[in-house]
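Please work through the following exercises with the sequence and the model open beside you, and try each task before reading its solution.

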Amino acid sequence: MHYHAAMDLSRFPRRRYTPFATPLEFLPNFSRALAASCPGGRGPRIWIKRDDMLGLFPGGNKTRKLEFLVADALAQGADTLVTCGAPQSNHCRITLAAAVKEGLKCRFVIEERVPGSYDVDASGNNFMFRLMGVEKINVVPGGSNMAAEMQKMADEVVREGRKAYIIPGGGSNAIGGLGYVACAQELQQQLFEQGVAIDRVVVGSGSSGTHGGMVAGFLGNNIRIPITGIGVSRDLADQQPLVLKEAQAVLDLLGVAIKVKPEDVQCVGGYWQPKYSVPNARMVEAVQMLARTEGIPLDPVYTGKIMAGLIGMAREGALKPDENVLFLHTGGLPSLHAYESVVLGDGKDLPA
Ligand SMILES: Cc1ncc(COP(=O)(O)O)c(C=O)c1O
C-alpha cells in the first residue's frame, strides 16, 4: 500500500499575526511598462503577492516565520528572544515587534557586515529598534560566529535568572520555514479561488527560509510551478546548497518523505552586487518603476534587487512574453527611509 504523506501544519504550535490572506493581485501598469522595455515590446504578465502587508510592525516575510518560532518559544517557557541581523535588519525589527506583542523581552547581536555601518541614531529599522524598546544590542564585526555570539547573549540572560530562546538569522531554520509552507498553501487556495494559472514564482533568497519553505511547500502540496530565487547576498553555487538544506529540513520536520533535488532549487545571482545591502543602479530602476506604475514601494536591500532580477530575466527572455509570473513581495520597507536620496536619484553614480 502506498501512503501519501500530506503536509499537516496543524500539529505545530502557531501564533496568528495576520488575520487574512495577503492579497494576490495582477500588476497591469507595471506589466505594460516592463513589456515596453523588453525586446519586441512584449513581456510577461506580472502578478504580486503582498507579503509586505503581513501583520506586526510593519509586516514582511519574517512575520510568517515568527508565527511558528514565537509559538515554540512560548511553549518552552522562554521570556526573552535573542536573535541577530545586519544593522538595518528587518528580521530583528519584526522579531522585536512580536516580542512586544507577546510580553517578551528581546535582544540582538548586530553584525556590521559593512565596517562602520552601524549607527545608533540611524533611521529606518534602527530607529524602530529603539522605538519598540529593544533591551540590549551587541554589535560585532562582519564575519563573526553569530551562533556563538547569540549563545553568549543567551547565557547572559540565563545568568540573570531568565529563559532565552535563540532565533537564528532571518528566522531560517526548519520551524521558521513552516511559515512559508503556510504561504504556499495559502497561495494554492488563492490561485484556485481566483482561477489564475501562474507559470513561475519569483522570490528572494537570502537566509533561505522563504525560498526553502516555498520549495518544501510546493513539493509537499504537489504544486508544479517552478520557483526562481533571486540571491540577495550570494550567487547560485553558494546559495543553492543553503536553500536545498532548508527545504529538506522543513520536509523532514513535517515527516514528508520527499528528497529535494538540486533541480528543485533554482537560484539566480548577479543582481545583489557589488555587496549585500549596497545599492546598485538596477535596484534604483526597479524601486522607481514599481512605485511609479503601481504605487507599491520596494526596499533597497532586498525586494528592489529581487525585482531587478525579475526585470532582467524578462529582458533576457528567461521569462517569456505572456507568461504569468508571480513576484512575492517580502517587505522591508523601513530601510527605504535610510536610503531616500539613493532611490530618488538616477543611479548613474552607482555600480550597475
Ligand atoms: C524584505 C526581505 N526580503 C527578503 C528577505 C530574504 O528572505 P530569507 O532570509 O528568508 O531568504 C529578507 C531577509 O532578511 C527580507 O528582509
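**Exercise 1.** How many salt bridges does the count come to, if a salt bridge is a side-chain nitrogen of Lys or Arg within 4 Å of a carboxyl oxygen of Asp or Glu?

*Solution.* This is a predicted model, in which local features need pLDDT of at least 70 and side-chain atom pairs count only at pLDDT 80 or more, whereas totals for chains, interfaces and linings use all residues. Residues are numbered from 1 along each chain as its sequence is written, and side-chain values use heavy atoms, with hydrogens and water left out. By the rule above, the count comes to 19 salt bridges. In one of them Asp322 pairs with Arg42, and their closest N and O atoms are 2.7 Å apart. This pair links distant parts of the chain, 280 residues apart: Asp322 lies in the loop between α10 (303–316) and β10 (324–329), and Arg42 in the loop between α1 (28–36) and β2 (45–50), where helices (H or I, at least four residues) and strands (E, at least two) are DSSP runs numbered from the N terminus.

**Exercise 2.** Identify polar contacts of the ligand, taking a pair of N or O atoms within 3.5 Å as the criterion.

*Solution.* Begin with the side chains: an N or O atom of Asn90 is 2.9 Å from an oxygen atom of the ligand.

Technical notes: A polar contact is a pair of N or O atoms within 3.5 Å; within protein, one must be able to donate a hydrogen and the other to accept it, and residues adjacent in sequence count only if both atoms are side-chain atoms.
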